[in-house]
Amino acid sequence: QVQLVESGGGLVQAGGSLRLSCAASRNIFSFTAMGWYRQAPGKQRELVAIITRDGTTTYTDSVKGRFTISRDNAINTVYLQMNSLKPEDTAVYYCNAKTIVLITPTTYWGQGTQVTVSS
């Protein structure tokens, strides 16, 4: 069973920065992609950023230029650097990993970490 453990959330003022970490329990190259999603109260979970096995990154429009997804292969960890945070970035942030298990697409989720941005 794959475990994804997020850390780094917290309370920050608007304009501030946070870095989220997601530590995977196995080699992250075993995943076709890893990413960060977020869910604000009363809203659906949405994709924030994703990084594929070959290093291609994709961001949702609202975070482009402010957030950066990266990874450290040596310690099986994916990061989300969040700069110029806005109150609308407040949400629970979830780490996500996608792979193929016996030809079946499979997705794993972390437990989530709360990010709160005060105005």
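The lining of the largest cavity consists of six nonpolar, one polar and two charged residues. Here Ala, Val, Leu, Ile, Met, Phe, Trp, Tyr, Cys and Pro count as nonpolar, Asp, Glu, Lys and Arg as charged, and the others, Gly among them, as polar. The model is predicted: local features need pLDDT of at least 70 and side-chain atom pairs pLDDT 80 or more, while totals for chains, interfaces and linings use all residues. For selections, residues are numbered from 1 along each chain as its sequence is written, and side-chain values use heavy atoms, with hydrogens and water left out.

**Stop 1: the cavity**

Select Ile-28, Phe-31, Ala-33, Met-34, Ile-51, Thr-52, Arg-53, Arg-71 and Val-78, which line the largest cavity. The elements giving two or more residues to this lining are β4 (33–39) and β5 (46–52). Strands are DSSP runs (E, at least two residues), numbered from the N terminus. The space in the largest cavity is about 50 Å³, and the count of cavities of 30 Å³ or more is one. A cavity is a set of points on a 1 Å grid over the protein atoms alone where a 1.4 Å probe fits but cannot get out; lining residues have an atom within 4 Å of a point. Grid points are joined across faces, edges and corners, and the volume is the space filled by probe spheres set on the points.

**Stop 2: the disulfide**

Next select Cys-22 and Cys-95, joined by a disulfide with an S to S distance of 2.0 Å (the criterion is cysteine sulfur atoms within 2.5 Å). The structure holds one disulfide. Its angle about the S-S bond is -80 degrees, making the link left-handed. Cys-22 lies in strand β3 and Cys-95 in strand β9 (residues 91–101), so the pair ties together parts 73 residues apart in sequence. Both Cys-22 and Cys-95 are buried (under 20% relative accessible area, 1.4 Å probe, protein chains only).

**Stop 3: Ser-21**

Move to Ser-21, also in strand β3 (residues 18–24). Ser-21 counts as buried because its relative accessibility is 16%. Beyond neighbours within four places in sequence, Ser-21 contacts Val-5, Glu-6, Ser-7, Trp-36, Thr-77, Val-78 and Tyr-79 (heavy atoms within 4.5 Å).

**Stop 4: strand β1**

Finally, select β1 (residues 4–7), where Leu-4 and Glu-6 form the covered face and Val-5 and Ser-7 the uncovered one. In a regular strand the side chains alternate between the two faces of the sheet. β1 runs antiparallel to β3, with four bridges joining them (pairing requires at least two DSSP bridges). To see one of these, pick Leu-4 and its bridge partner in β3, Ala-24.

Conventions. Buried < 20%, exposed > 50% of the residue type's maximum accessible area, 1.4 Å probe, protein only. 1 Å grid on protein atoms, 1.4 Å probe; cavity = no way out; pocket = protein on both sides within 12 Å on 5 of 7 lines; lining within 4 Å.
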